[in-house]
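Colleague: Before we talk, could you put the sequence and the model up, so that I can ask what stands behind each label?

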Amino acid sequence: MSERAVGRRSGRRRRRPLSVTSGWQPFEVTSLATAVVCGVSLVGLDSRPRSVAAAMPNLLEQIWAVGLIVAGVAGLCGVAWQGQLATALGVELGALLGFGSVTGMYAIAVFVIAGRPGIAAGLFIAALAVSSWWRCVQIVRDLHRLARAQELRHKIEVPMPVEGAARDPSSAP
Amino acid sequence: MTPPVPPDSGPPWIQILLSAIGILGGGGGVASVAAVLLQRRRFRADAADVLTDTALTLVQPLKVRVAELEAETIVARQQVEKASREVSELRTAVGEATMMIRRWRMAILAPNATIGQIRSLVSDTRPWYDDIHHG
């Protein structure tokens, strides 16, 4: 990620803008949109995958299908949110936690019910869960850095740093 | 890998496990959204402070270009300083040469000028003439 370009530990930290990893990535957007389409289809057609129907109680099946829709819609909202950054990251974090558990449940159901023939499908679905949790870790780290930057500003009361001020003033003509 | 079981009946532990994962995931998701939204003040940051990596991707080539232009500016400034120094040196040399020509002209046009005087005057200024030619 390009955030390595931003110094974090040195004395110039206060002069640099904080870099936040964006969720607007092809894999994430496509996965969340697929979750919405998949959930709407399952609920609308009142159909469930066989492994899900076998492995979950009836109520959990309904919750699982609705959870696909909710996680997908909330995740897309969080990714596309134009307002406050923390709100966007928080909504995306919650949605991806839900999406990770929904896909994780599906992967476990496929592994357990289908056995060896389900290895490929189960692994791909499990990869979705792992990538969701990975992204959750990224978001938590970014939120932590946002909070730390805010605390530092309150302590030091530095005037608003902008990117143009990152240059060494002694090099100015 | 567990052996295949009939599709319409899963083992009971899988139902418990999936229920637990579902409750944990859903509850964790809702709780994290609520926690972040309730503590939004903690995470407030001015827009100028935060760049998403997408924005950084856009800014990075410009930063590289700015660095190149700054380096070029430094080189150009050094060249300008060198050139103006040379111009002032040449201006001094031209002034001296003009003075010299004026002195020779006065010596040549003097009513009582002799060829010996003029020769001695010119031979005195020979070093200066060499200076100009040898840079």
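Modeller: Read along the sequence, chain A follows the pattern β-α-α-α-α-α, with 5 helices and 1 strand, whereas chain B has 4 helices and 1 strand in the order α-β-α-α-α from the N terminus on. Helices (H or I, at least four residues) and strands (E, at least two) are DSSP runs, numbered from the N terminus. This is a predicted model, in which local features need pLDDT of at least 70 and side-chain atom pairs count only at pLDDT 80 or more, while totals for chains, interfaces and linings use all residues. Residues are numbered from 1 along each chain as its sequence is written, and chains are lettered from A and ligands numbered from 1 in the order in which they are written.

Colleague: What makes Ala147(A) count as partly exposed?

Modeller: A residue is buried if 20 or more other C-beta atoms, placed from the backbone, lie within 10 Å of its own, exposed if 12 or fewer, and partly exposed in between. Ala147(A), which lies in helix H5 (residues 119-156) of chain A, has 17 C-beta neighbours inside 10 Å and therefore counts as partly exposed. Ala147(A) touches Arg42(B) and Phe43(B), leaving aside residues up to four places away in sequence; a contact here requires C-beta atoms, placed from the backbone, within 7 Å. By the burial cut-offs, buried residues make up 40% of the 173 residues in chain A and 11% of the 135 residues in chain B.

Colleague: How do you know that the buried residues of H1(A) line one face of the helix?

Modeller: The buried residues in H1(A) are Glu28(A), Ser31(A), Leu32(A), Ala35(A), Gly39(A) and Leu42(A). Seen down the axis of H1(A), they fall within an arc of 95 degrees, taken from the directions from the helix axis to the C-beta atoms, so they line one face. The face of H1(A) turned away from that buried side carries the exposed residues Pro26(A), Thr30(A), Val37(A), Gly44(A) and Leu45(A).

Colleague: What span should helix H1 (residues 26-45) of chain A have, and what does the model show?

Modeller: The expected span is 1.5 Å times one less than the number of residues. For the 20 residues of H1(A) that comes to 28 Å, and the end C-alpha atoms are 28 Å apart, which agrees. Helix H1 (residues 12-38) of chain B, with 27 residues, reaches 38 Å from its first C-alpha to its last, close to the 39 Å expected.

Colleague: Why are H3(A) and H4(A) called roughly antiparallel?

Modeller: The axes of helix H3 (residues 58-80) and helix H4 (residues 85-114) of chain A come within 8 Å and cross at roughly 150 degrees, where axes are lines fitted to C-alpha atoms, for helices over the stretch in contact, and angles run from 0 to 180 degrees between N-to-C directions. Angles under 35 degrees count as roughly parallel, over 145 as roughly antiparallel, 65 to 115 as roughly perpendicular and the rest as oblique, so H3(A) is roughly antiparallel to H4(A).

Colleague: And what makes H3(A) and H1(B) oblique to each other?

Modeller: The axes of H3(A) and H1(B) come within 11 Å and cross at roughly 40 degrees, and the two helices are therefore oblique to each other. Their contact is made by Leu60(A), Ile63(A), Trp64(A) and Gly67(A) of H3(A) with Leu18(B), Ser19(B), Gly22(B) and Gly26(B) of H1(B).

Methods: Two residues are in contact if their C-beta atoms, placed from the backbone, lie within 7 Å.
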